[in-house]
Amino acid sequence: MGIYLNPGNESFQESIKSEIYVDKTELIAYTNRVLKTKQKFVCVSRPRRFGKSMAAEMLAAYYGRNADSRKQFENLKIGKDVSFMEHLNQSNVIFLNMQDFSAGHMMWLK
């Protein structure tokens with residue numbers, strides 16, 4: 001089990017520290033642009049093993065209320081965007097990773 005409401009920014013911080021991290025925070029700038037428009041529903045689809053979970057962790061770390069993520073994001077691409085501070089840590093986030101609900105993790109239901 002995990003924390004589903006405002007899970008924090010620790011998982012994304014681990015990604016940033018990884019040698020293989022590639023800055024994809026432009027997705028946040030796009031999401032900020034389409035908030036409160038008809039295009040507000042964004043689907044992050046990528047092939048298997050291409051960072052869907054990392055993208056979800058990034059969005060949760062940026063929008064989630066329970067952590068101050070300014071230092072984590074200010075030196076990334078989103079830190080230069082005009083919308084950076086407007087939406088940073090301003091929302092309640094429900095974070096569900098479907099990998100956590102796979103057959104191997106659901107043994108407690110039996």
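## Helix 2 meets helix 3

To talk about helix axes, we need to know what they are: lines fitted to C-alpha atoms, for helices over the stretch in contact, with angles running from 0 to 180 degrees between N-to-C directions. Helices themselves are DSSP runs (H or I, at least four residues), numbered from the N terminus. With that in hand, the axes of helix 2 and helix 3 come within 10 Å and cross at roughly 60 degrees. That makes helix 2 oblique to helix 3; angles under 35 degrees count as roughly parallel, over 145 as roughly antiparallel, 65 to 115 as roughly perpendicular, and the rest as oblique.

Who touches whom? On the helix 2 side there are L27, I28, T31 and N32, and they meet A55, M58, L59, Y62 and Y63 in helix 3. Contact here means heavy atoms within 4.5 Å.

## Where the picture comes from

You're looking at a predicted model, where local features need pLDDT of at least 70 and side-chain atom pairs count only at pLDDT 80 or more, while totals for chains, interfaces and linings use all residues. Residues are numbered from 1 along each chain as its sequence is written, and side-chain values use heavy atoms, with hydrogens and water left out.

## Helix 1 meets helix 3

Helix 1 (residues 10–17) packs against helix 3 (residues 52–63) at an angle of about 120 degrees, and their axes are 8 Å apart. Helix 1 and helix 3 are therefore oblique to each other, and the crossing is left-handed. S11, F12 and S15 of helix 1 make the contact with M54, E57, M58 and A61 of helix 3.

## The pockets

A pocket is found on a 1 Å grid over the protein atoms alone: it's an open set of points where a 1.4 Å probe fits, with protein on both sides within 12 Å along at least five of seven lines, and lining residues have an atom within 4 Å of a point. Grid points are joined across faces, edges and corners, and a volume is the space filled by probe spheres set on the points. The largest pocket has a volume of about 1,300 Å³. Its lining has 38 residues, with G51, K52, S53, M54 and A56 nearest the centre. Helix 3 gives the most to this lining, seven residues.

The second largest pocket has a volume of about 230 Å³. It is lined by 14 residues, and I3, P7, S11, E57 and F95 are the closest to its centre. Helix 1 and helix 3 are the elements that give two or more residues to that lining.

Note on methods: A crossing is left-handed if the near helix is turned anticlockwise from the far one by less than a right angle, and right-handed if clockwise.
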